[in-house]
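Thanks for passing this one along. Here are a few notes to read beside the coordinates.

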Amino acid sequence: MSENSSKITPEGIQVLRNIIEDKLERKMCTPTDFVFLSDIIARNVKMAVSPTTLKRVWGYSSDKGKEYQPAHYTICALTKLIGFRDYDDFIASPDPAHIQSNMFFSDSIDISALRTGDVLLVMW
C-alpha cells in the first residue's frame, strides 16, 4: 500500500462485504460459505485468500479480537472480485455498489433460456 493509499476503515469493509454478498446472491454465514468465497476469489481473481481469513473479515471468527485489521492483500483481492483495481479505486467510486459490468461467477453458461436472435456478450 502506498503512502497516499486510502486507510482501510471498518465502514469501507462493511460496504465491501455487503456488495460481495449482493453480487454473489449469498450471505456469508456458514463455514461452507467462506470456502465457496475463497474458491471464487481463487478462480476469478487468481489470488489466494483462506476461508479462515474471510471468516475474520466477516466477523464470523473473532480469534484475532474485535480490532482485527485485514491485510491490504486480502482487501485488494475482495475489491478485485467486484471489479475494482484496488481498495483506493473502490473508495474513490461515487457508488461502489454500481459498477459497469456484472461479475459472472460460474464455470459454465446455461444457454437453454436463450432464444434465436438473443445476444450474449462475454468479455474479459
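**Notes on the predicted model**

1. Let me begin with the core. The largest nonpolar core has 25 residues, and I20, L37, I41, L54, W58 and L78 are the ones touching the most other members. Each of α1 (10-24), α2 (31-45), α3 (51-58), α4 (72-81) and α5 (87-92) supplies at least two residues of this core. By nonpolar core I mean a set of buried Ala, Val, Leu, Ile, Met, Phe, Trp, Tyr and Cys residues joined through side-chain atoms within 4.5 Å. Buried stands for under 20% relative accessible area, exposed for over 50%, and partly exposed for what lies in between (1.4 Å probe, protein chains only).

2. A word on provenance. This is a predicted model, in which local features need pLDDT of at least 70 and side-chain atom pairs count only at pLDDT 80 or more, while totals for chains, interfaces and linings use all residues. Residues are numbered from 1 along each chain as its sequence is written, and side-chain values use heavy atoms, with hydrogens and water left out.

3. L78 deserves a look. Setting aside neighbours within four places in sequence, L78 is in contact (heavy atoms within 4.5 Å) with L16, I20, I41, L54, V57 and W58.

4. On the overall layout, the protein chain has five helices and zero strands, running α-α-α-α-α from the N terminus on. Helices (H or I, at least four residues) and strands (E, at least two) are DSSP runs, numbered from the N terminus. Of the 124 residues in the protein chain, 35% are buried. Among contacts between residues at least 6 apart in sequence, 56% join residues at least 24 apart.

5. How do α2 and α3 meet? Their axes (lines fitted to C-alpha atoms, for helices over the stretch in contact, with angles from 0 to 180 degrees between N-to-C directions) come within 8 Å and cross at roughly 110°. α2 and α3 are therefore roughly perpendicular to each other, a label for angles of 65 to 115 degrees. On the α2 side the contact is made by P31, F34, V35, L37, S38 and I41, and on the α3 side by P51, L54, K55 and W58.

6. Two backbone spots to check, please. E25, in the loop between α1 and α2, has a positive phi of about 55° although it is not a glycine; E25 is exposed, with a relative accessible area of 73%. K46, in the loop between α2 and α3, is likewise not a glycine and has a positive phi near 60°; K46 is exposed at 68% relative accessibility.

Note on methods:
Angles under 35 degrees count as roughly parallel, over 145 as roughly antiparallel, 65 to 115 as roughly perpendicular and the rest as oblique.
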